[in-house]
Amino acid sequence: MDQKVFGLYPVNEVLVHDQGISTYINLTATINLHSGGRYSSYSAGKRNMNTLERLLNKLMRSEKWTGKKYSAYRVMKEAFEKVALKTKENPVQVLINAIENAAPREEVTRLKYGGIAVPKAVDVSPSRRLDIALRNIAKGATSASYKSKKPIADCLADEIILGAKNEGGSYAVSKKEEMERISASAR
């Protein structure tokens, strides 16, 4: 049986090139992207949750979208349609490419040595890499549409496309590069 997201985009042919986060990306197609907290009782429950639903939940983080899952669902569906029109590719594959390009490999933590805080570069776990990438993609789309005439669906589509191309105009990719640059100086 051919699994499709939004009834349009097949997920069987989507490839994850980054082996580090491949086990944490879940693309099982469901009828609707609403698990209702089904996996919240597990210690690593978000691993079982659909990655598209996680992006949908990250879109609901700002004040305007809090709790409005159906509105965020419509926005994501429109954004996927625009990504498919602009790139002529499967938008799920484009999103996965954007996640791979926006996931940081290193970050900085603070270690205390006798009352002095020293920055130290550490590797990022695969689960956190995926969390940061999804959060920055959603944050980039909402911040681009804030006080702008451009609808959020267009901003989300642009953020996904720019992230997939690994361009600096993407909020998520620029945040990743900034994080890795700071961690390189803290080695």
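N101 is found in helix α3. A helix here is a DSSP run of H or I with at least four residues, numbered from the N terminus. The model is predicted, so local features need pLDDT of at least 70, side-chain atom pairs count only at pLDDT 80 or more, and totals for chains, interfaces and linings use all residues. Residues are numbered from 1 along each chain as its sequence is written, and side-chain values use heavy atoms, leaving out hydrogens and water.

Is N101 buried or exposed? N101 counts as buried because its relative accessibility is 17%; buried means under 20% relative accessible area, exposed over 50%, and partly exposed in between, with a 1.4 Å probe and protein chains only. Leaving aside residues up to four places away in sequence, N101 touches G163, A164, K165, N166, V173 and K176, where contact means heavy atoms within 4.5 Å.

G163 brings us to helix α5, where G163 is one of the buried residues. In α5, 11 of the 13 residues are buried. Their cover includes these helices:

| Helix covering α5 | Residues |
|---|---|
| α1 | 51-59 |
| α2 | 69-87 |
| α3 | 91-102 |
| α4 | 126-145 |
| α6 | 171-185 |

How far apart are the end C-alpha atoms of α5? They are 18 Å apart, which agrees with the 18 Å that its 13 residues (152-164) should span at 1.5 Å a residue. That expected span is 1.5 Å times one less than the number of residues. After α5 comes N166, with a positive phi near 60 degrees.

Now for the aromatic rings. A search of the whole structure finds four aromatic pairs. Rings of Phe, Tyr and Trp (its six-membered ring) pair if their centres lie within 6.5 Å; planes under 30 degrees apart count as stacked, over 60 as edge-to-face and the rest as tilted. The rings of Y70 and Y73 have centres 6.3 Å apart and planes at 20 degrees, so this pair is stacked. Both Y70 and Y73 sit in helix α2, three residues apart, or about one turn of the helix. An α-helix has 3.6 residues a turn, so residues three or four places apart point the same way. Y70 is exposed, with a relative accessible area of 57%. Ring pairs also link Y70 and Y73 with F6, Y9 and F80 into a cluster.

Notes:
Helix = DSSP H or I, 4+ residues; strand = E, 2+ residues; numbered from the N terminus.
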